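Please read the points beside the sequence and the model.

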Amino acid sequence: MLGLMQDWPLLVHKILDHAALYHGDREVVTRSVEGPIHRTNYREIRRRAARTASALEKIGVRFGDRVATLGSNTWRHLEAWYGIAGMGAVYHTLNPRLFPDQIVYIANHAEDRVLFFDPTFAALVSEIAPRLTTVKHFVALSGTGSAHVIAYEAFIANGDEDYSWKTFDEHTACGLCYTSGTTGIPKGVLYSHRSNVLHAFMASQPDAMALRNADTVMPVAPMYHANAWAIAFIAPMTGARLVMPGPKLDGASIYELLETERVTVTAAVPTVWLSLLHYLEETGKELPHLKRVLIGGSACPRAIIERFETRYDVDVVHAWGMTEMSPLGTLGSLTAAASELSREEQIAHKLKQGHPLFGVEMKIVDDSDRELPRNGEAFGRLKVRGPAVAKGYFRGEGQDAFDDSGWFDTGDVATLGADGYMTITDRAKDVIKSGGEWISSIEIENIAVGHNAVAEAAVIGIPHPKWDERPLLIVVLKPGQTITSAELLQYLEGKIAKWWMPDDAIFVNEIPHTATGKIQKTVLRERYGKRNPG
Ligand code: AMP
């Protein structure tokens, strides 16, 4: 017997309808690409998104077509997203930090029909335009047009404000985002309307993002990095005031918005918070309005958690996720049991990647795909499944990551605790195997950056004739700091198992990062992996 409840399709444009009707006056503030602050609200965004949808139809964009965006977090990018989704096309976020060749490959692979872009990327767009085989229309999100480029304002002026959203099956494709992938070719994750809406419900829970109408939220995590971690959906869903930081993501610029716009909740990768904390240290400024900061994308070092929590009284929620998971998987808010712990123990808990949202199933397996115990000690490959997890990549690539029971192999290695907390120890391809046992590079890195002189640390395995591999610690020092490798290794003593101790610590000017801010260990292994074993 079926239930007798309504079949109300979960479509993302319904979120914006709700926001326009019930939270229409709530502000959406942007530091524009040109610099000045721009203010609008959800009612206006809804109105202009309808124009975008209509204008797209008028130039011939059809149901299921891909429409690319190459832009920072701004109100126009948001309007474009909802307009594209509301007419049944697919927003496709391109990451401008990728190499031009990668962007060309991705846009051609996706067969994008239209490209919306920030003028900041005009030079990049004109460089790649001749090689974009399917893009027929270029729309500049601000500024004026030119012979081959339509200005966004002129583009939407041609659209109809009374445009009615399309209604269709909630499983319809809504968004496309290619994984940054530290190796291999980028693969497309194709979100559906249903997965986006369900993920927004999941991610807005009190032990997750906990967004409320009274909050002001600033997604520093870009819209092109896995849906700005759902904030572009959760903020209008709850009517939270939204602050879009635009292209300037340095410590001083972020601070200015946190302060002047009284931001209460924000989210970004650890490197953004390192530069904010550095700016605060230099200037002696405070964070009087900020209540909660979501940190994910790569492991959050202890020093960041401690600084936010003990010096600035800001609650840190360490999160783990993947583009393939929409992206949130686990969040490190304190469970009832963890809330009873001492401050020191709570911080240790927050170093873990957190406990799963409802809707995310997890298990760890060994090399033969046998499930390993949830005892906080066994570590194995982390597999996940759920309604906001990909079941395949666009055009069927990389299918070996998905098994017949619906489990997706994350490529991460983790432990699962009996208390529900998950800890990532490494990317599978970065694990260090020494004497047949695994060493967690992430754990050593976390401890190393706790040293006052250290700005950033990476640990890689280097070949060793006896032990197979041994860890090498690679460090960038803070400006003006000096320390010897012996001193640094001594600092690690007692904090890690003896056999985890890196054979050496070396100092470099820079550690290379991917387009989503992750340490590029492949490059480090190429550069430093051939050293003589110690
Ligand atoms: P992306 O799809 O670009 O967001 O990358 C996802 C990958 O980033 C995951 O599979 C992890 O390897 C890594 N990652 C994300 N969040 C964390 C975290 N909190 N700690 C450690 N690694 C993380």
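How many nonpolar, polar and charged residues does the lining of the second largest pocket have?

1. The model under review is predicted. In answer to the opening question, 17 nonpolar, 11 polar and seven charged residues form the lining of the second largest pocket.

2. The space in this second largest pocket amounts to about 780 Å³. Its lining comprises 35 residues. Those nearest the pocket centre are Thr271, Leu274, Ser275, Ile304 and Ala455.

3. Several elements contribute to the lining of the second largest pocket: helix H10, helix H11 and strand E23 (454-464) each supply at least two residues. H10 provides the largest share, with seven residues.

4. The two helices named above also pack against each other. H10 spans residues 270-283 and H11 spans residues 302-311. Their axes lie 10 Å apart and form an angle of about 50°, which means that H10 is oblique to H11. The crossing of H10 past H11 is left-handed.

5. The residues at this helix contact can be listed for each side. From H10 come Pro270, Trp273, Leu274, Leu276, Leu277 and Glu281, which meet Ile304, Arg307 and Phe308 of H11. Sorted by class, the contact has seven nonpolar residues, two charged residues and no polar ones.

6. Two residues deserve a second look when the model is inspected. Leu274 and Ile304 are among the residues nearest the centre of the second largest pocket, and Leu274 of H10 and Ile304 of H11 also take part in the contact between the helices.

Key:
Residues numbered from 1 in each chain as written. Predicted model: local features only at pLDDT ≥ 70, side-chain atom pairs only at ≥ 80, totals over all residues. Heavy atoms only, no water. Axes fitted to C-alpha atoms, helices over the stretch in contact; angles between N-to-C directions. Helix = DSSP H or I, 4+ residues; strand = E, 2+ residues; numbered from the N terminus. Parallel < 35°, antiparallel > 145°, perpendicular 65-115°, else oblique. Left-handed = near helix turned anticlockwise from the far one by under 90°. Contact = heavy atoms within 4.5 Å. Nonpolar A, V, L, I, M, F, W, Y, C, P; charged D, E, K, R; others polar. 1 Å grid on protein atoms, 1.4 Å probe; cavity = no way out; pocket = protein on both sides within 12 Å on 5 of 7 lines; lining within 4 Å. Points joined across faces, edges and corners; volume = space filled by probe spheres on them.
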